[in-house]
Amino acid sequence: MSDRFVVTMDEGVAGRVVAAVAWAEGIAPQGGGRCEFLDALLTRVAGGESLLPDAVRAAVRDMLRHGAYKPTGRGKPASEFLLQAAQRGEFPRVHAAVDANNAISLASGLPGSVFDADLVGRRLLLRYGRAGESYVFNPSGQSIDLEDLIVVCRESAAGWEPCGNPVKDSMVTKIHPGTRDVVAVLYAPRALGDEAVLAWASRFADELSVSCRPRDVGFSLAESVGGS
């Protein structure tokens with residue numbers, strides 16, 4: 001586990017999820033250059049490739065199917081939203097670090113969250129969302145109900161505060177033009193195994209290194225803890 005970013009999962013989430021973290025510190029102003037890996041993936045989608053095998057789609061949805069949460073419609077994983085946007089030719093290009101996150105999600109079929117590290121801090125926790133929890137996820141003020149959804153939480157005066165999930169991340173901690181440190185979480189079904197997820201996290205760190213020109217990058221697996 002990195003001494004820069006400590007990401008843990010409570011026992012409930014750890015039983016179903018393998019999570020990895022990738023980070024970049026001291027990135028170039030405005031996020032650096034263009035993510036060529038994403039360009040190549042979008043060209044493949046434009047040529048008719050799906051990039052998302054049915055087995056991966058089903059496994060990721062099963063990972064999110066918990067309690068009251070149903071990963072369908074507007075609640076489906078971010079990886080599916082991204083593929084649909086690519087197929088329509090409407091893929092968002094926001095910031096080099098976000099592009100790296102989206103490229104890894106498209107290539108792997110796994111949803112990911114990416115944050116301004118100065119806004120989320122160096123310690124994050126993955127747990128299930130609780131009744132009544134929600135946050136705003138876009139500039140229009142739309143919110144997402146977090147009950148029974150896997151959430152990434154940052155430390156706050158009130159305790160662990162949700163700021164991301166495999167569907168939509170909070171507006172409060174999103175990357176912006178002035179971001180200098182980035183941290184991202186990749187979510188995968190437990191059946192995929194540690195090595196496969198760690199390989200994607202390594203590729204994520206590579207893409208951050210190439211497109212964001214950071215001072216330092218790294219990646220690791222999240223660890224499980226006894227409670228939240």
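Residues are numbered from 1 along each chain as its sequence is written, and side-chain values use heavy atoms, with hydrogens and water left out. In this predicted model, local features need pLDDT of at least 70 and side-chain atom pairs count only at pLDDT 80 or more, while totals for chains, interfaces and linings use all residues.

Trainee: What is the order of the strands in the open sheet of five strands?

Mentor: Strands are DSSP runs (E, at least two residues; helices are H or I, at least four), numbered from the N terminus, and two strands pair if DSSP finds at least two bridges between them. The edge strands, β8 (159-164) and β11 (223-224), each pair on one side only. With mixed pairing, the order is β8-β7-β4-β1-β11.

Trainee: How many charged residues are in the lining of the largest pocket?

Mentor: A pocket is an open set of points on a 1 Å grid over the protein atoms alone, where a 1.4 Å probe fits, with protein on both sides within 12 Å along at least five of seven lines; lining residues have an atom within 4 Å of a point. The space in this pocket is about 600 Å³, a volume being the space filled by probe spheres set on the points, which are joined across faces, edges and corners. Of its 21 lining residues, the closest to its centre are L82, N102, V167, K168 and K174. Counting Asp, Glu, Lys and Arg as charged, Ala, Val, Leu, Ile, Met, Phe, Trp, Tyr, Cys and Pro as nonpolar, and the others, Gly among them, as polar, the lining has eleven nonpolar, seven polar and, as charged residues, three.

Trainee: Which strand gives the most to the lining of the second largest pocket?

Mentor: About 190 Å³ of space lies in this pocket. Its lining includes Q142, S143, I144 and D145. With three residues, the strand that gives the most is β6 (residues 143-145).

Trainee: Is M63 buried or exposed?

Mentor: M63 is found in helix α3 (residues 54-64). Not counting residues up to four places away in sequence, M63 touches R16, V17, P111, I150, Y187, A188 and P189, where contact means heavy atoms within 4.5 Å. Buried means under 20% relative accessible area, exposed over 50% and partly exposed in between (1.4 Å probe, protein chains only). Because its relative accessible area is 3%, M63 is buried.
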